[in-house]
Amino acid sequence: MFNKSITTMAAIALSATAAYAETAMPFALDWKFEGPAAPYFTAVKKGYFADQDLDVEISAGQGSLDAIPKVATGAFPVGFADINSLVKFLDQNPGAPVTAVMMIYDAPAFAIVGRKSLGVEAPKDLEGKVLGAPPPDGAWAQFPIFAAENDLDMDKITVEPVGFPTREPMLAEGKVDAVTGYNFSSFLNLVRLGVPEDDISTIMMSDYGVDLYGNAIIVNTDFAAENPEAVTGFLTAVAAGWKDAVADPAAAAETLVKYNPASDLALETRRLELAIEGNVLTNYVAENGLGGIDEERLAASLEQLKLVYEFKAEPDASLYFTEEYLPAADARMLK
């Protein structure tokens, strides 16, 4: 039976409150308040959530798997998480009330980030090296597919479990030769630590056989069934926030920095730009709008997951994603 318990976690939060807001929709992010989170804060600042009669509180997360149990238990009605991890979660917790409703990272951000001076520039270079991998990391969760597609001998790779705060510092210090992470996060974190950009290698898993989707907005299905208009309104506001971020990344990042004063505006602007260019504004999204999926591609991704994950039950794409709550395509166009 699905476990309803969840560990209480301290989270930094922002509340968007309007006098006429009727529906509370706390939103669980996958990670800290960094550049790719700026569109959601833009939606708060510009009143896009309030326009939909929503009271939205944004909470930081601790990894791309973090939001799934939060939403499944009902602690949060909506969250942001890796859809591939959601697929595995639902296989292990059949009947859990959670599904994806809006694809954000049409191209997944999963990457291996290494240093050329340590001999890591291509997948095969990982053999004989030390790979730092945070256990809850979404990129690490998909690494077995990457390894299988590139015929890597895992017996020749030393995997070092690391924490998120120590991941890039260990690579900067040469204690590991590469790390799993998101392209826009690990790369810029290394730059901030003083690693020369021309010494950093970013191996995108999507360039080496990993044909998966990335992070999506997920929803508690019980909440959605009772509040369908609120879910559609939430997604409408999210699309508007992303459209503004695409039009002016610097302004969106500036909004974010106001709520995370410790962050660097230039760094977070660039991080957001990398996410837009590499993960969000793909050719498919430019033509079809943010949020939808190609059913054949999703089906193919499930077949790829079978290469490295033994399903307890035959995967059913309808359990993992629905377009039922998406606003019309014209409300989701980013340009």
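Pro249, Ala250, Ala252, Ala253, Glu254, Leu256 and Val257 of H11 are in contact (heavy atoms within 4.5 Å) with Leu265, Glu268, Thr269, Leu272, Glu273 and Ile276 of H12. By class, this contact of H11 with H12 holds 9 nonpolar, 1 polar and 3 charged residues; Ala, Val, Leu, Ile, Met, Phe, Trp, Tyr, Cys and Pro count as nonpolar, Asp, Glu, Lys and Arg as charged, and the others, Gly among them, as polar.

This is a predicted model, in which local features need pLDDT of at least 70 and side-chain atom pairs count only at pLDDT 80 or more, while totals for chains, interfaces and linings use all residues. Residues are numbered from 1 along each chain as its sequence is written, and side-chain values use heavy atoms, with hydrogens and water left out.

Helix H11 (residues 249–259) packs on helix H12 (residues 265–280) at an angle of about 125 degrees, and their axes are 9 Å apart. H11 and H12 are therefore oblique to each other (angles under 35 degrees count as roughly parallel, over 145 as roughly antiparallel, 65 to 115 as roughly perpendicular and the rest as oblique).

The model has 1 cavity of 30 Å³ or more; a cavity is a set of points on a 1 Å grid over the protein atoms alone where a 1.4 Å probe fits but cannot get out, and lining residues have an atom within 4 Å of a point. The largest cavity has a volume of about 240 Å³. Of its 20 lining residues, Asp30, Trp31, Tyr182, Phe184 and Ser185 are the closest to the centre.

| Class in the lining of the largest cavity | Count |
|---|---|
| Nonpolar | 10 residues |
| Polar | 5 residues |

Note on methods
1 Å grid on protein atoms, 1.4 Å probe; cavity = no way out; pocket = protein on both sides within 12 Å on 5 of 7 lines; lining within 4 Å. Points joined across faces, edges and corners; volume = space filled by probe spheres on them. Axes fitted to C-alpha atoms, helices over the stretch in contact; angles between N-to-C directions. Helix = DSSP H or I, 4+ residues; strand = E, 2+ residues; numbered from the N terminus.
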